Every structure is written in structure tokens, then in C-alpha cells.
Amino acid sequence: MTATFADFSASFPIPSARLEGFIASNRFDRPTLVIEIDRVETQYRALAEGLGAADIHYAVKANPAPEIIERLVALGSKFDAASRGEIELCLSKGAQPDTISYGNTIKRAADIAFAHRAGITLFAADAAEEIAKIAAHAPGASVYIRLLVEASGADWPLTRKFGTTRDTALKLMAQARGLGLRPAGVSFHVGSQTRDPAMWSDTLDQVAAVWDAATDAGFDLDVLNIGGGFPAFYGDAIPHPTAYAAAVMAQVNARFPAGIRIMAEPGRGMVAEAGMIAAEVLLVAKKSEDDLHRWVYLDIGKFSGLAETMDEAIRYQFITPHDGEATGPCILAGPSCDSADVLYEKRPVSLPLALRAGDKVIIRNCGAYTSSYASVGFNGFPPLDVMVI
């Protein structure tokens, strides 16, 4: 029997008193992401329990803090790398080459050659030219073909740019085999922040159909990469990570052969809840006396770490010194001179009416895709600082 979303009880993670206390008791001269490393370990263990025999390949791009990589190496995690830099980082922190997959389908030929020399043997591809590059610069390597899947209802869909159709996937497998590569399997991504495990069902049906067609065509597949999608808490209910992962694996096991290698690539679900950002209010203003909304400008915006507010897909939560007092709707924006640097306007945020310039605020659950998205200094603002406790 497949579990449903209603079967899960732990929908709201316990806030980190240690993180809040640390930020409240320290002074920060610029926006700073504070990571609680033990919470990363807690999430890893919870996901690993639910995933069972599946291998965790942490998506390094979610947060490449060296301390996170080092802790995950010690825990036995494997890694999904998107670049030469991420491969070098993982190797420098003790990861063995056979624990790293090169999961980006768009790679520089020189970087493929580097990875091959370093001992990386598993590469992703979704195009004929990429297969040819891998064959030329990583001879004998194993490849998995990334599939194009229909949108699942994820908060942050990952369709169109990556993946290929079933017929093309079979042609790529044949091309890989003809060039001396091993077509090992397939991969997909259900979409980032897929809050309900039931949303995986249709996607897994699509992938299983390709798998069956490939095995019928004579390809001996043994790798299924289910990608990421494991959610973090941003205000809407989500299951406990162990229950979520177990529900996903129950669906996977019902559709695919026993004994194959299953890879999972959690990123957001591993680190988001382990981080909070210390920020400051720079200005509170109205555009006119009869304006229904205040504009609240923070010292952090889209270009300094909060890129995932694009299209208001990820809804961060805020802690202020005036929590518990009267609130009102506001439009939230960043500090830069770019007019696109508006975080929430379509759905205004409710914040205390007493909020003023100079007030310190904490942005919860920001451990994923903040430091790795921050610019190196747009408008001269410093990049997001990172501390690990």
C-alpha cells in the first residue's frame, strides 16, 4: 500500500533555538548565512533512513560550504557535482572519486577530461554532442541519460532546459554503446521543492516507460538516478524527511527491478533548514499617503543570496524584534538599484507595523541556494557571508 500525504504527522520542523540564539546574541555588519552543521547531519540521517538502500549523492550546488562537504564525507555520503570546481572541492575534503557523479549535462570538454583523470567514471548526458565529448575525453566511462519529464506540481519546476525524450534517449544509449561507453541508466528531476510525495507518481510512470523500452531494446540498465525534489519547510506543511523519502522509495520499488543501483540527489532537503540569514531593515516607506502597502527594503536581495524569490516561488519566513505586535502587508525588496530586485510583491508579506530601519531580522531556512547564488559584489554590496557553527 502506498502512503499518502495525510499519513504523515511531522509537518512542521522544530525551529533551531541554537541558530536563533546565536544570531540574536551576535553582531553582523553585513548579511550573513549561519549554518548549524549538526542539523545537516540530522537531515542526512533522516533521509538516509527513508531512502534505505538508495545512495545519497548530495547536490553540492545547494550549499558548497567546505564544512558541509567534510561532514557528509565523514557520514558516508556520495556527491553530485555540477562542475570541475565542485569535484575539486569534494576531493579536497576526502571524497573518493567513485563516490562522485558528474551530473551536469552541459560540460566543457576539458572538464570532462579532468574528471576522467581524477577517477570519475559516471557522467550525465542528454544530447548526442555531449555523448561524443564524453567518449572522446572519458573513454570507457558510464553514462546515464537525463530524461525530460512533465511538470509534477513542484514549487520550482525544472523542465525544458534539461533532459530528452524517450526515443532520443534510446538513440543516445545506442550512440554511447557504439562509442565504447557504458549506457548505465537514466536520471530525471521531479522538480525542486516537491512538497507531496504523491506528486512523484506520474513522473515515475513516465520514467518507468522509458526504462522498460530501453531494456526491451537490449540495454542492460542498472542505474536509476531519481534526482532531488526533497522539500524543506518554508511555511507550507511537508512530511518528515524519513517518511517522505520512504514514500518516494515505495513508489520507485513498485516500478523498477530489484537490485538496481538507485541514486538520490537531495540538496535543498539536506541543508535548507540548517541555515538562517542575519539581515537588517534599511528602509520602510510608502509611495504615497494612501498606499495600501509599505515597502520594506532589506540589506539582502535577489542578487545577494535570495535569487529563489524569483517569481515568488520560494516563500521565506521572517523573525523580527516586533513579532507578536500588530502586522500589515508590505512589499519586500532588496537594496540594489536594479528594479528587478523585488522579493515579494504579488503576494505581499505580513510584517509588524513597528518595523523600522535598523531593525535586525532573521530569515529562516535559508541554508540552500543562497550563498551559492549570491553575486560577488553587484552594486558594490559584499557577497553573502557564511558562518558555520
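Helix H2 (residues 37-51) and helix H3 (residues 66-75) have axes that come within 10 Å and cross at roughly 40°. An axis here is a line fitted to C-alpha atoms, for helices over the stretch in contact, with angles running from 0 to 180 degrees between N-to-C directions. Helices (H or I, at least four residues) and strands (E, at least two) are DSSP runs, numbered from the N terminus.

Before going on, a word on the model. It is a predicted one, where local features need pLDDT of at least 70 and side-chain atom pairs count only at pLDDT 80 or more, while totals for chains, interfaces and linings use all residues. Residues are numbered from 1 along each chain as its sequence is written, and side-chain values use heavy atoms, with hydrogens and water left out.

## Two helix pairs

Back to that pair: H2 and H3 are oblique to each other. On this scale, angles under 35 degrees are roughly parallel, over 145 roughly antiparallel, 65 to 115 roughly perpendicular, and the rest oblique. The crossing of H2 with H3 is right-handed, a label for a near helix turned clockwise from the far one by less than a right angle, with anticlockwise giving left-handed.

Which residues of H2 and H3 meet? From H2 come Ile-37, Asp-38, Val-40, Glu-41, Tyr-44 and Arg-45, and from H3 come Glu-67, Ile-68, Arg-71, Leu-72 and Leu-75. Contact means heavy atoms within 4.5 Å. Sorted by class, the contact of H2 with H3 has six nonpolar, no polar and five charged residues. For these classes, Ala, Val, Leu, Ile, Met, Phe, Trp, Tyr, Cys and Pro count as nonpolar, Asp, Glu, Lys and Arg as charged, and the others, Gly among them, as polar.

Now for another pair. The axes of helix H5 (residues 109-118) and helix H6 (residues 128-137) come within 9 Å and cross at roughly 45°. That makes H5 oblique to H6, and their crossing is right-handed. H5 brings Ala-109, Ile-112, Ala-113 and His-116 to the contact, and H6 brings Glu-130, Lys-133, Ile-134 and His-137. By class, the contact of H5 with H6 has four nonpolar, two polar and two charged residues.

## Aromatic rings

How many aromatic pairs does a search of the whole structure find? The search turns up ten. Rings of Phe, Tyr and Trp (its six-membered ring) pair if their centres lie within 6.5 Å, and planes under 30 degrees apart count as stacked, over 60 as edge-to-face and the rest as tilted.

One of these is the tilted pair of Phe-22 and Phe-28, at 6.5 Å centre to centre with 55° between the planes. Phe-22 is partly exposed, at 21% relative accessible area, while Phe-28 is buried, at 13%. Those words have cut-offs too: buried means under 20% relative accessible area, exposed over 50%, and partly exposed in between (1.4 Å probe, protein chains only).

Then there are Tyr-234 and Tyr-316, with ring centres 5.7 Å apart and planes at 85°, so the pair is edge-to-face. Tyr-234 sits in the loop between strand S8 (223-225) and helix H9 (241-255), and Tyr-316 in the loop between strand S11 (294-298) and strand S12 (318-319), so the pair ties together parts that are 82 residues apart in sequence. Tyr-234 counts as buried at 9% relative accessibility, and Tyr-316 counts as buried at 6%. Elsewhere, Phe-188, Trp-200, Phe-230 and Tyr-244 form one aromatic cluster.

## A few single residues

Here is how some individual residues sit.

| Residue | Relative accessible area | Class |
|---|---|---|
| Ser-16 | 5% | buried |
| Thr-121 | 47% | partly exposed |
| Lys-171 | 62% | exposed |
| Asp-311 | 61% | exposed |
| Asn-365 | 3% | buried |

Ser-16 is in the segment before helix H1 (17-24). Not counting residues up to four places away in sequence, Ser-16 touches Glu-36, Arg-39 and Met-276.

Thr-121 is in the loop between H5 and strand S5 (122-125). Leaving aside neighbours within four places in sequence, Thr-121 is in contact with Ala-141 and Ser-142. Thr-121 and Ala-141 are 20 residues apart in sequence and 5.0 Å apart in space, C-alpha to C-alpha.

Lys-171 lies in helix H7 (residues 166-178). From Lys-171 to Pro-266 it is 95 residues in sequence and 29 Å in space, C-alpha to C-alpha.

What about backbone angles? Asp-311 is not a glycine, although its phi is positive at about 60°; Asp-311 is found in the loop between S11 and S12. Asn-365 has a positive phi near 50°, also in a residue other than glycine, and lies in the loop between strand S15 (360-363) and strand S16 (385-388).
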